[in-house]
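Trainee: Please take one chain of this complex and look at it closely. Then set it beside its partner and the contact between them.

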Amino acid sequence: MILSNLVLQICQVLCVVLLAPLLQGFILKAEERIQRSRGPNILQPYRDLWKLFHKQAVVPESASWIYMIAPIVAFTAMLIVPILIPVLTDRPLPQSDMGDMLGGGMVLTLGSFAIILAGLDSGNVYGGIGSSRAVMLAILAEPTLILVLVGISLLAKAMLPFVVNHLLLGSPSTYWSPAHLFLILAFFVLLLVETDRLPIHSPTHLEIYMIDEARILEYSGPLLALLKWASMMKQFILYTIFCNVFLLPWGMSQIGTPFGEFGSVVALLVKFLLVALVVIVVETVQSRLRFYRYQEPLATGFLFAVLAIVSSQLM
Amino acid sequence: MFLEHVNPLQASIFSSLAVVSLLLTFVMLGSHWLQNYVYAFAVQSWLIAALSASVGYFAGYPELYVIAVLTALFRGLVLPYLLMRIIGRLNAKRELHAVLQPSSSLVLGALLVMFAFVIANHMNRQSFLAAHVVVMALTIMLSMKFLGFLMLAVRDEAVSQILGLLVLENGIFLGSQILVPGMPLLIEIVILFDLLIVVACFGMLVRFLVVHAGTTSSRQLNRLVG
């Protein structure tokens with residue numbers, strides 16, 4: 001039995017929505033295990049979301065409509081991006097031609113833009129600090145992101161993630177070329193920065209160096225749950241792009257049978273396990289950088305992206 | 001010319017070795033610690049030795065094996081050892097007052113690599129199949145030279161200046177191994193001993209500076225004394 005393309009597309013989105021807390025739970029658990037403590041249950045993020053959805057939402061008096069709408073915009077943006085990228089199937093599905101990689105990047109950024117506005121909206125001091133820090137990080141990360149996209153489109157001669165996936169599957173010489181390896185390194189730096197990991201983001205939330213937590217400090221109840229879920233989904237989406245488009249383009253369903261879809265979910269989880277382990281090792285060995293050294297990892301990422309572009313010209 | 005009939009496997013071995021040595025130059029550029037510079041330099045020299053050996057193997061120049069052994073021995077072991085001794089005697093373990101922060105010098109280095117690529121692309125007039133290896137070798141040679149100059153210009157600890165000089169020289173050596181592998185053995189040996197003498201003289205200079213001026217940072221040495 002071959003599922004219709006529409007069903008496959010819905011499966012892709014549902015996979016991101018439902019499995020995103022699992023990835024977060026696994027990372028939190030594994031980090032604690034490496035430090036030889038027990039850590040929270042791997043399903044804890046689901047329970048947190050459940051709890052938050054059953055709580056009352058308290059809205060600050062100074063908040064405007066932006067406060068109410070931002071979590072919904074952020075969550076919706078994260079629902080749109082999985083349509084554009086190969087999550088389970090390696091071919092374009094209905095509506096996946098809505099945007100190329102730049103379009104997907106724009107929708108992702110729209111989500112964080114909404115949260116930045118929300119942080120400024122309520123007039124809380126910490127919200128302002130968090131928003132300004134997040135904007136500075138976005139400014140530093142943007143050149144690298146653009147150069148990574150330019151590099152991958154020079155390599156594949158296309159801006160579509162599906163084409164890149166097929167190219168890397170089809171030609172091992174491209175996969176092992178220095179251009180592609182440098183792109184992987186550059187994107188890994190971006191992955192660390194964008195998914196709230198060390199060396200920039202503090203692992204302890206709710207302290208003076210917080211960035212993402214500070215922006216959503218005023219939220220409570222279902223709105224907070226939406227925001228948290230959106231940030232977990234963003235992490236899941238970035239991991240998906242990193243694995244399926246850059247690092248491990250294997251193990252995706254091609255025909256679209258239910259069994260194949262199930263297999264590619266399992267393969268996706270195995271790939272995420274590998275990437276998450278590397279991320280956890282980085283988080284364990286690396287201490288948080290001072291505020292004025294934030295640009296160092298991002299400059300390294302920029303350097304990798306430039307080297308990738310130069311070496312893609314040499315092929 | 002040997003590069004006219006290089007096959008894809010050889011081309012990829014050469015380019016990966018060269019690219020990783022370029023990366024190690026960036027490790028030197030982006031780090032604060034003097035020890036890291038020396039380690040990166042040592043690994044880079046081993047890679048260049050591996051490159052000479054592989055060029056010697058594929059192109060059929062037996063004397064390149066001798067050069068590879070000499071490179072690994074002198075640049076990979078003796079020079080780092082001497083430099084580590086010098087650093088151990090210094091009281092400076094890291095660059096404190098670099099003119100450029102590591103991140104800015106990384107970005108500047110990336111721009112220099114692009115500049116080197118543009119030059120190499122202009123210089124390349126060949127049209128055979130493996131022309132990209134030539135451009136690659138030229139690019140990496142020129143960028144390592146530029147990065148060496150950059151290190152000489154923006155660092156003020158004496159040890160990092162000598163390392164800038166050594167990186168510059170490593171770049172030339174790397175390019176010459178790929179582009180003109182048949183260089184006479186004597187020239188290579190002369191260059192190696194040149195370097196050894198440079199580092200030895202430098203060690204004496206550092207001793208002198210530490211005793212008489214109390215510092216090895218060029219920032220402190222800008223006063224004329226009679």
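This is a predicted model: local features need pLDDT of at least 70, side-chain atom pairs count only at pLDDT 80 or more; totals for chains, interfaces and linings use all residues.

Mentor: For the 315 residues of chain A, a compact globule would have a radius of gyration near 20 Å. Chain A has 19 Å, which agrees. Its C-alpha trace spans about 55 × 50 × 40 Å along the principal axes. Chain A holds 12 helices and 0 strands. Of its 315 residues, 46% are buried. Contacts in chain A between residues at least 6 apart in sequence join residues at least 24 apart in 81% of cases.

The C-alpha trace of chain B spans about 60 × 35 × 30 Å along its principal axes. Buried residues make up 41% of the 226 in chain B. Of the contacts in chain B with a separation of 6 or more, 73% are between residues 24 or more positions apart.

How far can you trust the coordinates? Chain B averages a pLDDT of 82, and 91% of the residues score at least 70. Within chain B, confidence is highest in α2(B), at 88. It is lowest in helix α7 (residues 185-212) of chain B, at a mean of 83. For the complex, the predictor gives an ipTM of 0.79 and a pTM of 0.86.

Next, the helices one by one. Helix α2 of chain B covers residues 34-59, which is 26 residues. At 1.5 Å a residue, this helix should span 38 Å. Its end C-alpha atoms are 37 Å apart, which agrees. Just after α2(B) comes Gly60(B), with a positive phi of about 75 degrees.

An unreviewed UniProt entry annotates "transmembrane region" on several stretches of chain B, among them residues 37-58, 64-84 and 186-210. Residues 64-84 of chain B are 100% helix and 0% strand, with end C-alpha atoms 28 Å apart. Residues 186-210 of chain B are also 100% helix and 0% strand, and there the end C-alpha atoms are 36 Å apart.

One residue deserves a stop. Arg89(B) is found in helix α3 (residues 63-89) of chain B. Is Arg89(B) buried or exposed? Arg89(B) has 12 C-beta neighbours inside 10 Å, so it counts as exposed. Val198(B) lies 109 residues from Arg89(B) along the chain. Their C-alpha atoms are separated by 18 Å.

Last, the contact with chain A. It takes 18 residues from chain B and 14 residues from chain A. On the side of chain A that touches chain B, helix α12 (residues 295-313) of chain A gives the most, with 11 residues. By type, the residues on that side of chain A are 9 nonpolar, 4 polar and 1 charged.

How values were computed
Residues are numbered from 1 along each chain as its sequence is written. Chains are lettered from A and ligands numbered from 1 in the order in which they are written. Two residues are in contact if their C-beta atoms, placed from the backbone, lie within 7 Å. Helices (H or I, at least four residues) and strands (E, at least two) are DSSP runs, numbered from the N terminus. Ala, Val, Leu, Ile, Met, Phe, Trp, Tyr, Cys and Pro count as nonpolar, Asp, Glu, Lys and Arg as charged, and the others, Gly among them, as polar. A residue is buried if 20 or more other C-beta atoms lie within 10 Å of its own, exposed if 12 or fewer, and partly exposed in between; C-beta atoms are placed from the backbone. The expected span of a helix is 1.5 Å times one less than its number of residues. pLDDT is the predictor's confidence in each residue, from 0 to 100. UniProt positions are given in the numbering used here, feature names are shortened, and annotations may be inferred rather than shown by experiment. The radius of gyration is taken over C-alpha atoms; the globule rule is 2.2 Å times the number of residues to the power 0.38.
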